Amino acid sequence: MPTVLIVDDDADHRELISLALARLGHEVVEAVDALSAWQVLDAGGIDAVLLDVRMPGSSGIELCRRLRSEPATAHLPIMLISADVNNHRILAAMDAGADDYLTKPYLRAELLSRVELLLARRGTTATKPSTAATAALLAARAAVPRGVQIPLPRPVRRTA
């Protein structure tokens, strides 16, 4: 039975996700911020992480980046969840190493489907890299300059 860590400062949101995942048979662990999330992760046994983007202290994007920089959590499936649909925020989350980004409001079925996909990718041996591959991935991530603005495509305006 997979264990999913939910990191969100909003108790109602944590509870809604927890109930939905528990109905699927998942164990759920909750944290209210990045610091408490690290304490949970240090204890081990987490199979996937769902992060809110906006939290007090470190944001979900910052926590995601830190998780990706540590060898023990570099390949942990991570989904960011936020009401922020700003393209730059979504790109920043993906640049930080997020596997998925779900915008609020969302359908419970969509959340559950995406969590199942995250967990399915985690379970395949093809996605479990060797130690050398992990080291190379971490070195490549460290070499990429942060804060580089990626130009977004201009909206296409169609006229009849």
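Modeller: Helices (H or I, at least four residues) and strands (E, at least two) are DSSP runs, numbered from the N terminus. This is a predicted model, in which local features need pLDDT of at least 70 and side-chain atom pairs count only at pLDDT 80 or more, while totals for chains, interfaces and linings use all residues. Residues are numbered from 1 along each chain as its sequence is written, and side-chain values use heavy atoms, without hydrogens or water.

E15 is partly exposed, with a relative accessible area of 45% (buried is under 20%, exposed over 50%, partly exposed in between; 1.4 Å probe, protein chains only).

Now to your topic. The structure holds eight salt bridges (a side-chain nitrogen of Lys or Arg within 4 Å of a carboxyl oxygen of Asp or Glu).

One of them pairs D52 with K104, at 3.7 Å from N to O. D52 lies in strand β3 (residues 48-52) and K104 in the loop between β5 and α5, so this pair ties together parts 52 residues apart in sequence. D52 is buried at 9% relative accessibility, whereas K104 is partly exposed at 24%. P105 sits in the loop between β5 (100-103) and α5 (108-123).

Next, find R54 and D84, whose closest N and O atoms are 2.9 Å apart in their salt bridge. Because R54 is in the loop between β3 and α3 and D84 in the loop between β4 and α4, the pair links parts that are 30 residues apart in sequence. Here R54 is exposed, with a relative accessible area of 52%, while D84 is buried at 12%.

Then there is the salt bridge between the side chains of D100 and R114, at 3.0 Å from N to O. D100 lies in strand β5 and R114 in helix α5, so the two tie together parts 14 residues apart in sequence. D100 counts as buried at 15% relative accessibility, and R114 counts as partly exposed at 23%.

Finally, salt bridges can share partners: R54, D84 and R89 are joined in this way into one network. When you go back to D84, then, look for both R54 and R89 as members of that network.
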